[in-house]
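Take a look at the structure first, then read on.

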Amino acid sequence: GGIGRGCEQQPLNHYHPDIGVLIELHEPDSEGRGTILVTKTYNAVTFTQFNTGDSGRGIHEPCACGALFTFEHMGRSGLDHVKLCGTLIRQDQFERALTPYAHAFDDFRIEAREVKEEGIIKGALTLNLFRAGGAASPSLIKEIAASVMRTVFLTPNQTFADLVARDLFLPLSITYSGTPFKVSTKNVRFI
């Protein structure tokens, strides 16, 4: 059975718990993201703190519809992909697209988020690059962004650039840091 229902007052991937369902987050990080645990009774069997394997974030503010709690589903925990605005953001797509530019960075991470522009929800991706020697030149950064957008597929037949052209995603944002990433895994992160 289900654990939550969508709401017209909330963005995609945001849900209110179904009646009789308790949603908890196991070991939330500093931004409130944790593993979704569910307590509910289904077919006369009670599941207590069932680990769904999904990550999420709790929103403890009343919704305009009257619901007191909303949870945001952020994808599977520990996987190298997230769902965003009807697409699948896959780590391996970025690894492939960045191979020709391996000289320009030592490590990278992808952050995915939904943004609202003029009432329309769009996907936004940030490519965070670490390079001990500092950032690449502005022209190389622009080249990397253009190449990634042309070669990364977010659906089976649409590239990142296709979805930007359709105004469903914002153009790729790239940041550089001289500090190594704190987390060693490269999983795509939904923020």
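This is a predicted model: local features need pLDDT of at least 70, side-chain atom pairs count only at pLDDT 80 or more; totals for chains, interfaces and linings use all residues.

## Surface and overall make-up

As for the build, the secondary structure comes to three helices and 14 strands, and the C-alpha atoms fill a box of roughly 60 × 35 × 30 Å along the principal axes. Of the 191 residues, 41% count as buried. If you look at contacts with a separation of 6 or more, residues 24 or more positions apart account for 54% of them. On the charge side, there are 19 positive and 21 negative side chains, with the centres of the two sets 3 Å apart.

## Aromatic pairs

The structure holds five aromatic pairs. One of them joins tyrosine 15 and phenylalanine 71: the ring centres sit 5.8 Å apart with the planes at 40 degrees, so this pair is tilted. Tyrosine 15 belongs to strand S2 (residues 14-17) and phenylalanine 71 to strand S6 (residues 70-76), so the pair ties together parts 56 residues apart in sequence. Tyrosine 15 is partly exposed at 27% relative accessible area, whereas phenylalanine 71 is buried at 3%.

Then there's phenylalanine 130 with phenylalanine 181. Their ring centres are 6.5 Å apart and the planes stand at 70 degrees, so this pair is edge-to-face. Phenylalanine 130 lies in strand S10 (residues 120-130), while phenylalanine 181 is in the loop between strand S13 (173-177) and strand S14 (189-190), so parts 51 residues apart in sequence get tied together. Phenylalanine 130 is buried, with 11% relative accessible area; phenylalanine 181, at 23%, counts as partly exposed.

## Nonpolar cores

The largest nonpolar core has 29 residues, and Ile89, Leu125, Leu127, Ile144, Phe169 and Leu172 touch the most other members. At least two residues each come from strand S7 (81-84), helix H1 (91-98), strand S9 (107-117), S10, helix H2 (138-151) and helix H3 (160-165). H2 gives the largest share, five residues.

What does leucine 127 touch, leaving aside residues up to four places away in sequence? Its partners include Leu98, Phe108, Ile110, Ile144, Leu172 and Ile174, along with Arg109, Ser173 and Thr175.

How values were computed: Residues are numbered from 1 along each chain as its sequence is written. Side-chain values use heavy atoms; hydrogens and water are left out. Rings of Phe, Tyr and Trp (its six-membered ring) pair if their centres lie within 6.5 Å; planes under 30 degrees apart count as stacked, over 60 as edge-to-face and the rest as tilted. Helices (H or I, at least four residues) and strands (E, at least two) are DSSP runs, numbered from the N terminus. Buried means under 20% relative accessible area, exposed over 50%, partly exposed in between (1.4 Å probe, protein chains only). A nonpolar core is a set of buried Ala, Val, Leu, Ile, Met, Phe, Trp, Tyr and Cys residues joined through side-chain atoms within 4.5 Å. Contact means heavy atoms within 4.5 Å. Lys and Arg count as positive and Asp and Glu as negative; His and the chain ends are not counted. The place of a charge is taken as NZ of Lys, CZ of Arg, CG of Asp or CD of Glu.
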